[in-house]
Amino acid sequence: MQPMVVLSKAVGNHRHKELCTVKASDLFVKALENEGVKYIFGIPGEENLGFLESLSRSSIRLVLVRHEQAAGFMAATCGRLTGRAGVCLSTLGPGATNLVTAAAYANLGAMPMVMITGQKPIKTSKQGRFQIVDVVDMMQPLTKFTRQIESADLVASSVREAFRKAEEERPGAVHLELPEDIAQEQTDVPVIDPSFSRRPVAEEKAIDHAVKLISHARHPLLLIGAGANRKRTSQMLRQFVDRTCIPFVTTQMGKGVVDETNQNFIGNTALSSNDFVHRAIDAADVIINVGHDAVEKPPFFMQSGGRRVIHVNFTSAEVDPVYFPQVEVIGDIASSIQRMAEAMPDRCGRDYSYFNKVRSALNDHIHQPTDENRSPVYPQRLVYEVRAVMPPDGIIALDNGMYKIWFARNYPANQPNTVLLDNALASMGAGLPSAIAAKIVNPDRRVMAICGDGGFLMNSQELITAVQLGLDLVVVVLCDNAFGMVKWKQVDMAFNDFGLDFANPDFVKYAETYGAIGYFTETGAQFRTVAEEAFGAGGVHLIQVPIDYTDNHRILNREIKELSQQL
Ligand SMILES: Cc1ncc(C[n+]2csc(CCOP(=O)(O)OP(=O)(O)O)c2C)c(N)n1
Ligand SMILES: [Mg+2]
């Protein structure tokens, strides 16, 4: 940072007062440093040049990308992984419009993110309406907070407020617009430090009520959703499971909060209905629903007079026709869970034989096709091989496609945030950028991006960003030459096969033109060898894997339904 400019100004009574003033963009960057920001992802434009110059003298690292949408996905992923808002930067107009998908991704996915966009001078402009769109208004439905900074004196409070809003429950996206002329103004308003604050905790009576209900239940079930994936909750939930022996189920975005190889894990609600796990949900008389987030497809449907539901979350339940919990424990989740565990009598003696039956039927079904070495590769086999290659703390970052269901259902996650998937906006194109961000945040852990051939090409340009950053990254591209997931739905809805097939480039050569190393693997066994080699060698590697989706419909829509009904 540039030293503060010290101006000596004469004041009315002729005494001299020392005033410290600083350029607004310098102060902005200082405020970001004060919030603990380490990286800014983005593409600057002419209107950000003052800000960029301030940034060049800061401790913050600029990660230059090739599309603003990717910058937003990266910033959101930083927020998701750290709990502190990730930051992205773009110019006005077209740069800002490129950020909107990422804004929706962060806001729906509860990932704290601050977007900073430039703007033409607001006091005088000689360029008419060139490139001008109302970015502040455009961001309104996609953010928790969107503001133009109209004066240098508002920089400090605006930045603090933006971070406060982005990070507090429920986290999400915020936006600040810094116009070119304001960035150059001077101000003497200093940065504001983040306050010391703790989340409020649940009322004792609510805890008592929940404990009573669970204690009288014969078949209680714990459901871990997206909102449970926060710092400290993981440890408390594990202790809760160990102490009470209550079986648990995860939603797609609740994966890994508690180790899914734990003997009390029953399954994931990757499919909306008719899977083995839904039989366990049907059999439960009380569901302890932790971190329920209405943004995920409902993991179960309530019916009046049916099983009781205890809603444990930071905020109260959004009621709809299929969700109207009878008891709510509202406050910091970690604290609630810890207090509930302490107040519960040790009840490992309950009869969980039916849940155990569900678990072993699911496990058999998951493991049965893993020795299937066909080419193209069976998705179940691929999931198995990826799990074998990834250590417990390894991170897989999924794009959006058919394989996401297979990974959510069949890949046991060991630790929180080791399966980065988006079951909120469910946008294609986020797999590679989120893997890049995960590797930047966790340089010592294995990170693998897993993308479909459609989704990969939506942000494949970021391969060059990964190469330039010198990252060690393995990118898997699953090729069915189609928008496979939509095809799967098309079959299920008995529509004709139409409009979803495409041609692919040669991904091995494609990777090579970026300075990455490309491979083509035909079988699951080959995949494991190549992936191990790629991680061992370091650098950016792309593995093209032909994938066999021909049995998706039969297995996911029929076989699983029939088998689970027999339980
Ligand atoms: C940005 C965006 N566009 C469209 C969709 C709708 N969509 C969901 S999955 C999918 C197909 C994905 O194809 P691909 O990446 O090849 O993965 P596959 O399902 O074939 O494995 C589409 C088009 C979406 N989710 N996001
Ligand atoms: Mg595809």
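Reader: How do the residues of the shell around ligand 1 divide?
Author: In this predicted model, the shell, meaning residues with a heavy atom within 4 Å, divides into nine nonpolar, seven polar and two charged residues, where Ala, Val, Leu, Ile, Met, Phe, Trp, Tyr, Cys and Pro count as nonpolar, Asp, Glu, Lys and Arg as charged, and the others, Gly among them, as polar.

Reader: And which residues are closest to ligand 1?
Author: Of the 18 residues that surround ligand 1, the closest are D453, G455, G484, M485 and Y549.

Reader: Which backbone atoms lie by a nitrogen atom of ligand 1?
Author: A backbone N or O atom of A426 lies 2.9 Å from a nitrogen atom of the ligand, and one of M428 lies 3.1 Å from a nitrogen atom of ligand 1.

Reader: What about an oxygen atom of ligand 1?
Author: One oxygen atom of ligand 1 is 2.7 Å from a polar backbone atom of G455.

Reader: Switching to rings, how many aromatic pairs are there?
Author: The structure holds twelve aromatic pairs, that is, rings of Phe, Tyr and Trp (its six-membered ring) with centres within 6.5 Å, counted as stacked with planes under 30 degrees apart, edge-to-face over 60 and tilted for the rest.

Reader: Why is the pair of Y39 and F41 tilted?
Author: Their ring centres are 6.2 Å apart and their planes are at 35°, so the pair is tilted.

Reader: Which residues form one aromatic cluster?
Author: That cluster is formed by F456, F507, Y510 and Y514.

Reader: How should I read the numbering and values?
Author: Residues are numbered from 1 along each chain as its sequence is written, while chains are lettered from A and ligands numbered from 1 in the order in which they are written. Local features need pLDDT of at least 70 and side-chain atom pairs count only at pLDDT 80 or more, while totals for chains, interfaces and linings use all residues, and side-chain values use heavy atoms, with hydrogens and water left out.

Conventions
A polar contact is a pair of N or O atoms within 3.5 Å; within protein, one must be able to donate a hydrogen and the other to accept it, and residues adjacent in sequence count only if both atoms are side-chain atoms.
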